[in-house]
Amino acid sequence: MKITAISVYQVGLPLKEGRYAWADGKFVEVFDSTVVEIETDAGLQGVGEVCPLGSFYLPAFGLGARAGIAELAPHLIGQNPCESAKINHVMDTALLGHPYAKSPIDMACWDLLGKATGTPICHLLGGRFGENVDLYRAISQRPAAEMAENIADYRDEGYRKFQIKVGGDALEDIARIRAAAAVLQAGDVLVADANTGWLAPDALRVANAVADLDVYIEQPCRTYEKCLSIRERTSLPFILDENIDGLEALLRANADRAMDVINLKISKVGGITKARQIRDLCVSLGIPMTIEDSWGGDVITAAIAHLAHSTPEAFRFSATDFNSYVTVSNASGAPQRRDGAMSASDAPGLGVDLRHEVLGDPVAVHR
Ligand code: MG
């Protein structure tokens, strides 16, 4: 099988809640998602998606994804999409860095391998562990009382894991964490994610002030070194996200005992192939993971479900159903949350079909 064309679609994904806010006053109301459809000489199509969390969360943005795909496309035409290692080698040779631009291509190639072999991606990634995958709900940054109300509402919808967005004023963040903890019940999981928003003194103040609570601290500061310095001075369980952008970062952090859990985002590390490497290494090292992406619609939600469902349950700290956060559906067949959980499709590949009526005409077709 050979790649004959790559069509690129741009679709806006408005947030159901209107606005998603996190550290430093950053927010997004409509997510800029890029969907690719790879055509082959076998008549099969593979689909992928990348959706940065605005242009100021990770070094990634929507226009950059589409420009990166245009840069990569001439090197990919004629390649066999079922050779995932070779496809990644070709992309890494043609373009240094820009993992988020490579992620939808890699995802679409896995979709094609699954379709060509009649196999769901989760089986190709190692198997299906358990009935379904537990999800967390991200709680947008608002005044403490409103966030506690949001948690109670999402708890009624079946979620038992909550990640509240902090990384703002230290005193307000302490109030947010305490208000959230007060509405949780035994067995619920609470994460306070600062998304790099605190300077070290405020991170320490918050960690000290909530040290009596059952809460995880996620990515308090911008740099790895600052996060490590907080980690060394708190007894609270610790998650690294933004700083874990590849295998080398994971190995260093593991050697430094810098975290208890990592957040593994597919596009942050360059696609399913590289996310699987990191996932498998985490299982070998004994590190649980939140398995997700920076954001996304139905295609990315399907990819998350396959990667998470093929991960042993003890290592699935949580996962994300982004398609339930947004008002636009870009594909049918994607997992739908039920009682705070989702499961990977049994259909070949990702198990989704693009909604071309939603995507409209491609913004680029590379042949
Ligand atoms: Mg995070």
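**View 1. Helices H5 and H6 pack against each other.** In this predicted model, the axes of helix H5 (residues 144-156) and helix H6 (residues 170-183) come within 8 Å and cross at roughly 30°. Axes are lines fitted to C-alpha atoms, for helices over the stretch in contact, and angles run from 0 to 180 degrees between N-to-C directions. Helices (H or I, at least four residues) and strands (E, at least two) are DSSP runs, numbered from the N terminus. H5 and H6 are therefore roughly parallel to each other (angles under 35 degrees). Their crossing is right-handed (the near helix is turned clockwise from the far one by less than a right angle). H5 contributes Ala144, Met147, Ala148, Ile151 and Arg155 to the contact, and H6 contributes Ala175, Arg176, Ala179, Ala180 and Val183 (contact: heavy atoms within 4.5 Å). By class, the contact comprises eight nonpolar, no polar and two charged residues. Ala, Val, Leu, Ile, Met, Phe, Trp, Tyr, Cys and Pro count as nonpolar, Asp, Glu, Lys and Arg as charged, and the others, Gly among them, as polar.

Residues are numbered from 1 along each chain as its sequence is written. Local features need pLDDT of at least 70 and side-chain atom pairs count only at pLDDT 80 or more, whereas totals for chains, interfaces and linings use all residues; side-chain values use heavy atoms, with hydrogens and water left out.

**View 2. Asn195 adopts a positive phi.** Although Asn195 is not a glycine, its phi is about 45°. Asn195 belongs to the loop between strand E9 (189-193) and helix H7 (200-209). With a relative accessible area of 4%, Asn195 is buried (under 20% relative accessible area, 1.4 Å probe, protein chains only).

**View 3. Gln219 is a residue other than glycine with positive phi**. The phi of Gln219 is near 35°. The loop that holds Gln219 runs between strand E10 (216-218) and helix H8 (224-231). Gln219 counts as buried, at 0% relative accessibility.

**View 4. Four strands form an open antiparallel sheet**. The strand order is E5-E4-E1-E18, where two strands pair if DSSP finds at least two bridges between them. Strand E5 (45-50) and strand E18 (364-366) are the edge strands, each pairing on one side only. On average, neighbouring strands of this sheet are turned by 20° against each other, direction ignored.

**View 5. Strand E4 pairs with E5, and helix H1 lies across the strands.** Strand E4 (residues 30-40) runs antiparallel to E5 and is joined to it by six bridges. Ile38 has Gly46 of E5 as its bridge partner. Helix H1 (residues 62-76) lies across strand E1 (3-14), E4, E5 and E18, at about 15° to E4.

Methods:
Angles under 35 degrees count as roughly parallel, over 145 as roughly antiparallel, 65 to 115 as roughly perpendicular and the rest as oblique. Buried means under 20% relative accessible area, exposed over 50%, partly exposed in between (1.4 Å probe, protein chains only).
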